[in-house]
Amino acid sequence: MEKTMSILQIGSHLEALKEDCCTWYGVICHNLTGHVLELHLRTLSYEGYYEEADKEYHVKSTFGGKISPSLLNLKHLRYLDLSNNDFQGIQIPKFLGSMGSLRYLNPSRAGFRGMVPHELGNLSNLHYLYLNAAGYYVENLQWLSGLSFLEFLDLSNVNLSQTFNWLKVINTLPSLVELHLSNCGLQHLHPLLNVNFSSLSILDFSSNNFRESFVPNWIFHLKTLTSLNLAENQFQGPIPEDFQNMTSLQNLDLSINTFNSSLPKWFFHLGSLVSVNLAHNSFESPISSEPQNITSLKKLDLYANNFNSSISNWLYNCSHLELLDLAYNSLQGKISSAIAGLTSLTNLDLSTNKELELDGGISRSLKNHCKLRFLSLLEVKLSQDINDILEILSAGCVSNGLESLELDGCQLFGCLTNHPSHFRNLVNLRLSVNSISGTLPVWFGALANVVEIDIAHNFLEGNVSEIHFTNLTKLESFDASENHLMLRVCSNWIPPFDHIEFLRLRSWVIGPQFPVWLHSLKYLREVDLSNTKISSIPYWFWNMSAQFHYLNISHNQIHGTIPHIPNIDPSYSSIDLSSNHFSGPLPWIYASVETLILHNNSFSGSISHFLCYKKNQVKGMINLNLDNNLLSGEIPDCWMNWPELWFLTLNNNNLSGNIPKSIGALTSLKSLHLRNNNLSGEIPLSLQNCSKLTTLDIGENELIGHIPTWIGERLSNLVILIFRANKFHGHIPKELCHLASLQILDLSHNNLSGIFPSCIKNFSSMTKIDSVAQVFNVSSGYLYFGDDALIVMKGRMVEYEKILKFVKSIDLSDNNLSGEIPEEITSLLSLQSLNLSDNLFSGKIPEDIGDMKMIEVLDFSQNQLFGAIPQSITNLTFLNLLNLSNNNLSGRIPTSTQLLTFSSSSFVGNKGLCGPPVSENCSENGVILNNGKDEEKGKGDGAEVDWFYVSMALGFIVGFWSVLGPLAINRRWRYVYFHFLDYLGHKIWWSLRKNGVFEGPKRILPLRSIFYSQRCQKQVFKLKYALTKLCITCRISYADLHKEKDHCSRTSRNVHKETA
């Protein structure tokens, strides 16, 4: 190979080497003349070496350097292949256009860069031109028109976005048989009146995203076309009927477009079809059940469409079918056992059709599918013992060739006891999300060729030791999360899978010690050791984390501080350290980390050093969660360094001060949570720049001022708006009604006044029954986090997260809102919770309240509503909390099964209400009856007298003066009365003392101390005032009354002394 490279470098001096170069690698010469005719300098692609040999060999074997113009002396050279080399970004040499004998030129994927030289248009004898590479671009293709003999042209991945005449030029190539223009940035597929390349057999326009939504007619005039690839464009609508005229078509790829409707009946009458790919479209309706004339079909890919029928019987008759992919549809019914007759199948994928059942489970006849390599039945209802399946697949010739077995979510049960010893070529084994129980069998360690194992989310239990991994030397991905397994290995164990990249052991018992054996795994990219009872982390692990794409050690008992996390190389990296006992300051995080989750820890101190570290460095972080820590101080004003942030949550800390103005620099922000801190001041005006916000939660702070009007004008994408428990005042701005996507509005516990705007009917997401909010969330593997919201629902605070997008609620309680409840509120048909309690609303309950059929919580308590409860309220069949208490409502309570489930407390404080469930009965006219009897109404216009209250007042007066009258008139009686009181008090005091009540520290305070305690001072004042009035009435001075009382007290004391 080194000698062959010299041809590129010294070219014309070959004759001077005095050596037969025709024996060199890749050199082909004429048998008679010895002229060099062909140079095959192609190397395998990196992927090829990855599969066939050592990864590093690709770099060692590639050609590079410069190409000498002396190569022009090879005047008989007809074939030059330089593909898959590395010429390190140099341009394709222009002098190649002077090698007039060339018929084949291939510099694709050879490390060339820049503009393709138009001198290549001088190669008039060229038949084959391969320029497939991402580093090339062309500004004008006019030079192609000189290649009249060109039969094969591949410009895939070449940037042709500036070449507007490309189709006109290509139409000048009459000999063209094969044309590849995939991923060229083409924008328009222009019409052609006359097609000159009428011999075209293969046409590839994939991945261009043409602006035209239809397939141009001239393509259907290519009668010789055998292969057509229009994948990954923007074509839409039904499949054009002109396709049925393309009778020579064998391979058709329309995948990743927006074709819709059903497949036309004529489609599968194209008897020449061998391969059909319609994946990733919007086809719907049943797959045709009529017999089809496609017996030659070998590949059928209908992945990710909307087909909703059972599998048609004619499919089972396609005996030549090698690939059948019906995954990610809505197919239903039973899969016929006749599928076992498709013995030519190499790939069978029926996964993610949740209503699909395999009749009788996997059939025993499947053991004879000797060609089967890939079997995926994810989420297909098998309801079968896993041992039966392994026995079937290991019994016949299928086990010799099977490379991938995917049975996730198939309702499998039983224990893994059978030994699949015949699965010699098994590379991928997926059995997750089933009900497989028992222990992990030892034979797992014998799957020597396996690369990926996924047994997560089962009921496996018991110990796992070194023997379970003995021969798994090729293992690159292992996921056994969410089982009840315990890892028991020696402290000095070195795993045999030293090239593993993905390791997920979530919910295993591994701790309390950290697994030291991780230190030997140098290729790890994703690690999930969450909820594994680990209590400490060695320092070397933090240095190792630099290689991770994803690290999750959450939900453990890890203590201590976190050192500064080192620079992380991958462009995407996620770190989840949540729900531990980490303390101390926040660590410095470098710019390459995209997701950082640190909530539910004990981090403390300021966040300034974390946010403002390296002020001039722009951070690439997208998601930041610091909830539920002990962070304090002000939020620093350096958010301009975080322009990529989408999700920011600082809930439940001790942050104070104002919201910084620079937060408006987060123009990509979609979700902002600052709930339950001590923030003060007003909402900064700069926040209006965050126009992509869908969630704004600043509740439970000390914020003041008016609710800004620009929220409704600039933050039009808001779905969740929570300002509860602050100090906002003023009116609810009408501009909030512009928030058409709003589903949760919480302004409760503020000082808002004015009316409830009637424009709330513009909350269109609440008016549509089936609308679902687009709230922010991230779901990747086991990483899930996103928006949450604390909402008062059914009388208690509820946190919503995963079902948040379905929740619709309005809470304006505990404000000073007044006026009537607007009738327009009844247009919010999908509203689930409405709380207007503790306000000053008056008027009647809206008559059409019963139209809000989805309402579950309705609280109008503590207002000034009057009138009858509307009869339509009986239509609220989902209602499970109703509170209309403490208003001025009257009349009969409407009767329904739903309303009878509520207690009388839902209606208490409304004196005019009657009927169940309150105790007051109603007359026929809805008037309250007195003890079941009609009251007699007075005649005339005089006021009706209630004699009960009259007699009660007279009784009080008579009783009061019967006791105090004689005391006020007769002085002797007063002496006797006060003497009796003093005697009774002393008797009680001595009795208590005799029983030891006043001994030691338990001594009771004197009656006078209690009487003059702070709590009773108001009552003392009232009593003095009453006595003064009494004395004035009886013409006795207040001083005389005291003198007489003092005289009685002295007399009483003398009596007690004599008695003692």
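1. Please note that the model is predicted. Cys 397 falls in the partly exposed class as well, because its relative accessibility is 23%.

2. These two residues, Cys 370 and Cys 397, are joined by a disulfide with sulfur atoms 1.7 Å apart. The torsion about the S-S bond is about -80 degrees, so this disulfide is left-handed. The link connects distant parts of the chain, 27 residues apart. Cys 370 sits in the loop between β20 (355-358) and β21 (374-376), and Cys 397 in the loop between α5 (386-395) and α6 (398-401).

3. The count for the model is 5 disulfides. Numbering the bonded cysteines along the chain gives the pattern 1-2, 3-4, 5-6, 7-8, 9-10.

4. Another of the disulfides joins Cys 612 to Cys 638, with an S to S distance of 2.0 Å. The link of Cys 612 and Cys 638 is left-handed, with -85 degrees about the S-S bond. Distant parts of the chain are again linked: Cys 612 lies in the loop between α8 (608-611) and β38 (623-625), and Cys 638 in the loop between β39 (630-634) and β40 (647-649), 26 residues apart. Cys 612 and Cys 638 are both buried.

5. What is the handedness of the link of Cys 737 and Cys 759? With 65 degrees about the S-S bond, this link is right-handed. The pair ties the loop between β47 (727-730) and β48 (744-746), which holds Cys 737, to the loop between β49 (751-754) and α10 (764-767), which holds Cys 759. The sulfur atoms of Cys 737 and Cys 759 are 1.9 Å apart, and both residues are buried.

6. Cys 690 is buried because its relative accessibility is 0%.

7. The largest cavity holds about 140 Å³ of space. Its lining is made up of 15 residues, and those nearest the centre of the cavity are Ile 339, Leu 358, Ile 362, Ser 363 and Leu 366. By class, the residues lining the largest cavity are 10 nonpolar, 4 polar and 1 charged.

Conventions:
Residues numbered from 1 in each chain as written. Predicted model: local features only at pLDDT ≥ 70, side-chain atom pairs only at ≥ 80, totals over all residues. Heavy atoms only, no water. 1 Å grid on protein atoms, 1.4 Å probe; cavity = no way out; pocket = protein on both sides within 12 Å on 5 of 7 lines; lining within 4 Å. Points joined across faces, edges and corners; volume = space filled by probe spheres on them. Nonpolar A, V, L, I, M, F, W, Y, C, P; charged D, E, K, R; others polar. Disulfide = S-S within 2.5 Å. Helix = DSSP H or I, 4+ residues; strand = E, 2+ residues; numbered from the N terminus. Buried < 20%, exposed > 50% of the residue type's maximum accessible area, 1.4 Å probe, protein only.
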